[in-house]
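Student: Please take a close look at one helix contact. Then work through the local backbone and strand details in one connected answer.

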Amino acid sequence: MSKPEWNKKIKNHLIDQTESITELKESTWQNIDKELFPTVKKKKRRRRTKQVIVSIAGAAMIMLFIMFSSNEQGLAMMQSIREIFVEEKKQIVELEGNKEVRDVHLNKNYQLEYVLYVDESYYKVIEQENSDLILPKMEFEDIDVPEISMEIMQHTDISKDELIDEVITEITDSGLTINQEEEVMYPLESLVIKGVGNTEEYANPGDTPIHRYYIKDTGSGQLFLIKQVYFLTAAEGHGVRLNSMLETFEVISNN
Amino acid sequence: MTSQDKKLIKKIKKGNQRAFKQLYEIHSNYALRTAYAITRNQSDASDIVQETFIRVYRNIDSFDVSKPFKPWFYQILINESKRYLKKMSQVEMNVEFEHVLDYLFYFSNEGDMSIREDIEWGIEQLDEIHRLVITLKYLNGFSVKEIAEMLEVNVNTIKSRLFKGRKQLKLILGGTNNE
């Protein structure tokens, strides 16, 4: 028997002898699915309840900061309140109908006076002079991937209307068209302004950029501007993940 | 790497679970066959493939998409298989290669067993090292160089293991060393 014939014989034998294991393909997937993407049986309605509870808790904490941060006892109280934000917790993220339980880590910025939980398996936080920039952890060296980012900025010397004008100018100057401008409750109570590029201008329509801005007015002359940048194909991935992180955004006060 | 693998991996990196399921659909059959050929135990093979895919998903960020996926994937699968075999204390059950040869000579002269039964017996009785290279070469179609890289041994060692593995099977079938 020639060498190729032997080789073929051995291969056929191996395929034949391992045929029965393929019956376990589906059950093996079920185990993987259960381990990686555990289903969380929670009613959607509960998210709203949770949001209300979080908002009440957040407002209470702001009040306590204001009340107690002016003296020594107050500072100690503030410290303990800071400890209320656990360093790590689990968060449910719903992507394309599937629910994922993610480990998220607390990112505190006392200068910008906010906290936010970050999914550090996907993202990293870069502290800049006047803002925090959240970028994908994975660096794409050889592939040209459109920008994905979330920048958190604080404004105290500008009115809300002026900030809205600035955002609108920035979107239109980037060549994007505004397709959403409205008050929203999710991921945080704020005004959202969203700009989308023209798909016809991109070789791959999926690369069309989306710039989403949230303007959060704390009501005390303090405005937060959160700018998210992603692209059409990533809308159901990063677009959702960025908002899930933003859902945990809380204002803290150092005054 | 096939362009399909590349597209799927890019999507998985962005968190697309459906893309991960598609990747499973493409590679799971041969992964299961390979794990089964190595362990000869269906339950263990399923567990190994399960762990392999979980590791792939959790470490997909570290995978360089400019490199081929299959060798990276099978390296994880092989490591999982070894870990599993060690854990299950099955390594001790492997028969020494030289010992197997004695049996092969015996059966090759008996002539009362079917050819297929002989091969089954031979592969099953090969020690882990020889069974592994034979499986990677003939079931998965990897080149000698790729197997060497996966197992982190030199090319000549793999050639030698393949030669010995093939030789056993030929002897079982009543062939000669020169074939």
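Tutor: Start with the two helices. A:Thr28, A:Asn31, A:Ile32, A:Glu35 and A:Leu36 in H2(A) meet B:Ser46, B:Val49, B:Gln50, B:Phe53, B:Ile54, B:Tyr57 and B:Arg58 in H3(B). Contact means heavy atoms within 4.5 Å. These residues split into 6 nonpolar, 4 polar and 2 charged. Here Ala, Val, Leu, Ile, Met, Phe, Trp, Tyr, Cys and Pro count as nonpolar, Asp, Glu, Lys and Arg as charged, and the others, Gly among them, as polar.

This is a predicted model: local features need pLDDT of at least 70 and side-chain atom pairs count only at pLDDT 80 or more, while totals for chains, interfaces and linings use all residues. Residues are numbered from 1 along each chain as its sequence is written, chains are lettered from A and ligands numbered from 1 in the order in which they are written, and side-chain values use heavy atoms, leaving out hydrogens and water.

Helices (H or I, at least four residues) and strands (E, at least two) are DSSP runs, numbered from the N terminus.

Now the backbone. Most residues other than glycine have a negative phi, and most peptide bonds are trans. A:Glu113 has a positive phi of about 60°, in the loop between strands E2 (98-109) and E3 (114-118) of chain A. A:Glu113 is buried, at 9% relative accessibility. B:Glu152 has a positive phi near 55°, yet it is exposed at 67%. Buried means under 20% relative accessible area, exposed over 50%, partly exposed in between (1.4 Å probe, protein chains only).

The peptide bond from A:Tyr186 to A:Pro187 is cis, with omega near 5°. A:Pro187 sits in the loop between E7 (177-184) and E8 (190-196) of chain A. E7(A) and E8(A) form a hairpin with 5 residues between them. They pair antiparallel over 7 bridges; pairing requires at least two DSSP bridges. On its other link, E8(A) runs antiparallel to E9(A) (209-217), with 6 bridges. 7 of the 7 residues of E8(A) are buried, so the strand is largely enclosed by the rest of the structure.
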